[in-house]
Amino acid sequence: EPCMDWSATASALDMLAAAVRQRRAGLGHGVGVRVQAARGVGAFSELGGEIKLLDNLRVRTIRPLISPACVIEEAAVEQRIESLVLSTRCDISAMLHAEPGLEPERLLVVVGPPMIEQPAAAMEYAARLRGVASALDDALLLVMRVNFEGGCSGWKGLMNDPDR
């Protein structure tokens, strides 16, 4: 089954914990052996200085993130765009959840470039697609696919490496 209810999840976790405890008892290790080993001489000596048990050793700096609510407030969306997004989502939902045997009036087509490398080029693609979508609106519901993350080229993508 793809999903478990809470009682099945809790039962599976209990079984895993019991297996870990049994394995630990069989090896003769008590709780805390791993922590003591990590404190051994030379552990993480390349970092210099004293480390705490909960330090993330790969983090150099920590900055607070702007909350999603603040981002939404600062990047207000025009009413016509908000309406377009909502109506398109409703159309897609209706198409995906149509009654068996009843085909939707239009075909849902998700189309787009394999990866967004240049925002200006993506905007041009979107403008061209909007023109085609308007012309074919009676038969197709065109939705632009946008992939900001890296592909096969090894580049991490616009979201993770915008200054490439």
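The structure holds zero disulfides, a disulfide being a pair of cysteine sulfur atoms within 2.5 Å. Cys70 is partly exposed at 37% relative accessibility, and Cys90 is partly exposed at 45%. Here buried means under 20% relative accessible area, exposed over 50%, and partly exposed in between (1.4 Å probe, protein chains only).

This is a predicted model, in which local features need pLDDT of at least 70, side-chain atom pairs count only at pLDDT 80 or more, and totals for chains, interfaces and linings use all residues. Residues are numbered from 1 along each chain as its sequence is written, and side-chain values use heavy atoms, with hydrogens and water left out.

The chain has five helices and two strands, in the order α-α-α-α-β-α-β along the sequence. Helices (H or I, at least four residues) and strands (E, at least two) are DSSP runs numbered from the N terminus. Of the 164 residues, 9% count as buried. Carbon and sulfur atoms account for 59% of an accessible surface of about 14,400 Å², computed by the Shrake-Rupley method with a 1.4 Å probe.

Helix α5 spans residues 119-135. Its 17 residues reach 25 Å from first C-alpha to last, close to the 24 Å expected at 1.5 Å a residue, where the expected span is 1.5 Å times one less than the number of residues. Ala122, Leu129 and Ala133 of α5 are buried. Seen down the helix axis, the buried residues of α5 fall within an arc of 40°, so they line one face; the arc is taken from the directions from the axis to the C-beta atoms. The cover over them includes β1 (107-111) and β2 (140-144). On the face turned away from the buried side, α5 carries the exposed residues Ala120, Met123, Arg128, Ser134 and Ala135.

Technical notes
Contact means heavy atoms within 4.5 Å.
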